[in-house]
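Dear colleague,

Please find the structure for your review below. A short account of the findings follows it.

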Amino acid sequence: MSFGAPYFTLPEFTYHKPKTLKEALELLDTYRDEAKVMAGGVGLVAFMKERLMSPSHVIDIKEIPELKRVEYREGAGLKIGAAVTLSELENNEIIKKKYTALYQAIKKAADPIIRNRATLVGNICEALPWVDGPIPLIAYNAKVEVMSLNDVRLIPVSDFIKGPVEIDLAPNEIATFIHVPDPPPESKSTFLKFNTGSEFALATMAAHVVGSVKPKEVYLVYGAVSTKPVRASEAERIILTSENIKEAIVEAATKASQEIDVVSDVLASEDYRRHLIKVLTINALKSIFEVS
Amino acid sequence: MKFEGKVVISSEINKVWDFISDPEKIIQCIPGIQEYSVGEGKRVTAKIKVSIGFIKGVFHASSKVLEEDSTKYTAKLSLTGSGAGSGFNGIVDIKLNRMDGSTELIWAADVNVSGPLGSLAKPILEGYVRKLVEQLFDCVRQKLA
Amino acid sequence: MSFKYIGKPIPPHDAFQKVTGTATYTIDLELPGMLYAKLVTSTVPHARIKKIDVSRALEVPGVVKVVTGRDYPYRVGMYAGDRDLLAVDKVTWVGHPVAAVIAETLEAAEKAMDLVDVEYEELPAVFDPLEALKPDAPLIHEKMEEYRHSPAFKPVPGTNIANKFTLIKGDIKKGFEESDEIIEEEFHISHVSHCYMEVQNVIAHYHLDGTVEIWTSWQNVAPVRQIMALSLGITHNKIIVRIPFVGGGFGGKAGLGWEALVAILSKAAGHRPVKLVLSRKEQFSSAAVREGFHAFAKAGFKKDGRFNAYNVKFILDAGAYADYTVNVGRAVGYSADGCYEIPNIYVESLTVYTNKIPTTALRGFGYPESHWVLEQIMDRAAKKLGIDPAEIRLMNLLKPGHSYMGTGERLREDAGDPKKVLTTLVDEIGWGKPSEKPSHPWKIRAKGLALFVKGPAQPPNAASSAILKFNEDASIDLLIATGNFGQGTITALMQIVAEEFGLPLEKIRVDYVRDTHKSAYTWQTVGSRGLFTDGIAVLGAIRDAKKQIFRVASEVLRCPEDQLELVDGEVRVKGKPWEKIPLQDIVMGYTYPNGNSVGGPIIGRGVFMSTHTTYLDPDTGQGNPTIFHTFGGTAVEIEVNLLTGEINILKAVEVLDLGKVINPLLVKQQIHSGLIMGTSISLYEQIKFDERGWVINPNFTSYYLARIKDIPREVVGRFIETPQLDGPYGARGIGEHTMIGVAPAIANAIFNSIGVKMNKLPMNPENVWRTIKEQRPDLVEEAMKKFSEHRETVEMII
Amino acid sequence: MGRLITLTVNGIRRSVEVKDNELLLDVLRDKLKVKSVKAACWRGECGLCTVILNGKLVKSCLVLAVEVDGSEILTVEGLAKDGELAPIQKAFIQHGALQCGFCTPAFVLASHKLLEENPTPSEDEIKERLSGLICRCGTYYEIIEAIKDASKYYQLGRKPR
């Protein structure tokens, strides 16, 4: 990932590799604003090369044992540590089986070599408009666990990402885990990404529906179209209240393409993105409701 | 990108004018200023730390007085700068109006953010520049209060 | 005649080095005591430089020197001669190098470069060449008349026109009057970057004694030396230019590079070697890229399909420097008529300065541009006249031995078989046969084709030479300056030497480093000329060496020279194969049993010199610009997603009349890869600028290149071998040709099937979607309807 | 002010002093002189700096050198075994799966790794697994052919070095 700085080298910093979470939190508590936490480093190193970050201290949490784990408990769901790479998640059978949208998003994130280093938590902490990770997570109502020396907070991913490059994380806090609730039975989800002829997506979406005949919950979440992930709540309502889902799909998709704040940028124009939102939404809802 | 504003400073007009027309003074009001130097014709060069969200970049900026009229209390400055492979440039107009015991400072800025950062993150950067200019004049108000 | 090496699929000669990671590129080199340079570049598009303050940069520990343009106000270049080393009085684009920081480490240089304070006084800037042509436009080069430009070009001082090229044939006015159908269209292409993987980088060592050693990632040694010698006033033999392995060129490493600048940096830094490596961002904003253009075309056809009149105006957006682009402008102009015989032609090609990144050659050199226009005109005309696109091409095709091209050049009898190219192409793509059903109802399948002809764009006197040196064991060192940046030319030349001497390939060696001091002179390896020109020179050297060998053998074997032959590394008497001498007994001189010796070390030399090419008339473009022409064609079958604008190439066919296949493996490789690069440039690539002239996508995330997943599903390469009688074994060049036809073939496929005109590159999903929506909104609506009503399980439709 | 790290590069233990802000790419190239590891973007986009770090492909321009203390690194220099090229290297030569050669070390290494993990990849899998690398010369068809051809040797279970 890059923007446009001409540097080869990184700014100077001191590297720390704590062995425990406590040690990491203590370091962070000491250096605060001067420090940055690194897991895979994919985002951080790139940001440093671009001179968009110049921390004096880098705290590498890669070797902290509890952050390297993925746990799943029925009913409670998934708990993904901050040092778990996307490749590890890609090979996780539970994710493949139960969290379709998340699995698809991971499979489509960056490229397989980057995925060997990049982490899901890191992906979310980048808070860049086009990253894939947050989109399915928001559709699953996932929460980020944030820790400081004397506090633990659980924040919905949708609130955690406040805007581009802005997250709800204090200087002394580490985003340690992601909790993804166990999808109820009769839950279906999917993730779609449009990035033909582009490294960054021009539009992504995750759809998650609970209840196949009469939906009880509907999540339609979009990425890469706005300054942060957005939900199409009116479109969701159309699906929730519809008597005939087949009929409602196009209506919901049209609504989604209208209700969201959409940006124009170097990758795509607003009207094309709105069009893509409609196409993606129809596609996603059709595959969820298996219209045939 | 154009924007404007005004602040009322509870200080008399000459005092305000002296403050804002003295680079050594007004520069103290630039948020994130790290280093600066004042050259010929009040040309200021400065290193400014820019914080947007968790991004903290350093911009090298300079400003120059294009027009200055101490009888009418008007000034026009140009700004240019670059950092992280992108740039910005702009014009700031300032006018002071004498009010009853205080001074009204009216400003208008026209700022462009250019380059790859600007194109990917225009709304963010524009919001940031707006905030920065607002902070600057608010600081003037506070310093002279 | 059967060959042992010619026509055989022999792997690239340097493949072993490349797969083992032992191939050394300039970027891998370090010299003792080497310093690192970093450029300070302009952040404004057009401005006077009022002051440069380097004092704070000099305070950074490790910084040795900061050099600015005023220290060395040289003006350099190959064709237009318009380039400075560092901006002297004013900057002319965002990215223009203003100063160079030299330091003990790259880290120190990168710290210091931010601390150079440049004070600018901005000037009005101009970004569109059409605007730049207006009389009141800001002037970018005020002193154009002082530049040392090549006589082949016509700059217009006092304007922003770096070169004005005109081609006139017949009577254009009458031509249109006598035409039955007139087609008028406007076309555009975007700036694209070469994106060779190895960035431009140079090491220069300006020795105390005035000798300059250069290591550079560049295509050719000779022009580097020539430009440096002329601009810095150094004797040629005191400049030694070396080029090791090169990580790609595509025309972007031809002509003028950074060598003169880095040489003066080395001098300024107390004669220590200095290395400059561009970052990818600098490649996209400070080096040269391919130009963009506007083209205004008007074509007149007779009712029966004959192409009667062609008027086209090309306005090239050359950016701030047009040193090489003036020649691209010339090539776009004289190749405007492609493979067709058109009696009345009027072409004007203007290479225009703007305040944007400078431009240069890119694979194809003006021909992809001219064919993007012409080959679409052919299909537009075909539709209007109700003639099949293949048919209308056939009708107007140049006929070798009969036809005259736009420049007045008579097409030689042996120039190839364009008709066979077309018929083969038509066969291979299944022209006229309907495509299979598209994969989804909101997609369409379509076929399109484009023909092309191209010769090397070069000065009329561009020469090559070769030296062939035998070693004691009759192994051979071939000393040539032919550029080696992936095309496979060197392997082919080695095959020729092995074939001619009947020696195993392992006995032929071409060094991996080109060196002005050691390699024989070659003007440049560009324009797909290497195999042809340098092959002729190598064959000359072979003949010369053989003559020397036969002279000695004739004496030793007591047999007339014309009775001797060279077989399997032995000189034999024809008809008496037992009377023979192995080559190794001759190549250092033959020694009789008593010690008397004759002959001596064998060194062959050969040259290529074009004798029939001319400068083009400055007012009419008439003359003979090229040494050979290669005809070819590209046909594609594509699937267009009307919903999203995505284009998927299902099959791409390329047919080339290359005279003779020296190495089928490497020719196929060139075809395949040219189709891929053509696909990438047609569908994705575009340098984007903002309103201040900044490049806003200077990286591989927002400037997209075709990856392995984006390649056409199927590619077919077909060769036709109509020998070029003066070519090596009859061969012609094809390196660039392979990508010329891709873009117009795709656009034609879309036009033929749904009548939508794609006049703009790239044809990325958004542009295609938008164009279809503008011209055929019904299609997009219908696609959306079909998509919404689709009754199968929808998966992976995007 | 640096720290000494020790790592195994192509089977050989190497110790090197590095600064905290140095990248693995630069330490490999500039200090350990492992020059097969190339770079074209320095930002994780082109993949030419790819090495195998503790059994996994990574882009070394995004890895800090200090992180890899004690690690094992394999580059293309380490693929040949007792002077004999790995099957994938031979296949790249045979199929002309290279042009300028600048991306070749990365493609060879990634293809080798792919075949080790999956000796019979489908064409789609090949494309997916190599999608993080760029070959501007566009030798992709030949690379695919080389991988398919070398597949048989990896099926026979050639042990990685």
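The domain bounds used here come from an automatic or database domain assignment. On that basis, chain D of this predicted model is divided into domain 1 (3-77) and domain 2 (87-155). The C-alpha centres of the two domains of chain D lie 22 Å apart. Their contact takes 17 residues from domain 1 and 12 residues from domain 2.

Between them, domain 1 and domain 2 of chain D bury about 1200 Å², with 72% of it on carbon and sulfur atoms. Leu48(D), Leu57(D) and Val76(D) supply 42% of the area that domain 1 buries against domain 2, more than any other three residues. The count of salt bridges between these domains is zero, and three residue pairs are in polar contact, both residues at pLDDT 80 or more. On the side of domain 1 that touches domain 2, S3 and S4 of chain D each supply at least two residues.

I turn next to the interface of chain D and chain A. The area buried there is about 2500 Å², of which carbon and sulfur atoms give 55%. In chain D, Arg43(D), Leu62(D) and Glu67(D) lose the most area to chain A, together 29% of what that side buries. Six salt bridges are found across this interface. Asp111(A) and Lys59(D) form a salt bridge, their closest N and O atoms being 2.8 Å apart. Strand S3 (50-53), strand S4 (56-59) and helix H4 (123-129) of chain D each give two or more residues to the side that touches chain A. The largest share of that side, four residues, comes from S4(D).

With kind regards

Notes: Residues are numbered from 1 along each chain as its sequence is written. Chains are lettered from A and ligands numbered from 1 in the order in which they are written. This is a predicted model: local features need pLDDT of at least 70, side-chain atom pairs count only at pLDDT 80 or more; totals for chains, interfaces and linings use all residues. Side-chain values use heavy atoms; hydrogens and water are left out. Buried area is the accessible area (1.4 Å probe) that two parts lose on being put together, summed over both. A salt bridge is a side-chain nitrogen of Lys or Arg within 4 Å of a carboxyl oxygen of Asp or Glu. Contact means heavy atoms within 4.5 Å. A polar contact is a pair of N or O atoms within 3.5 Å; within protein, one must be able to donate a hydrogen and the other to accept it, and residues adjacent in sequence count only if both atoms are side-chain atoms.
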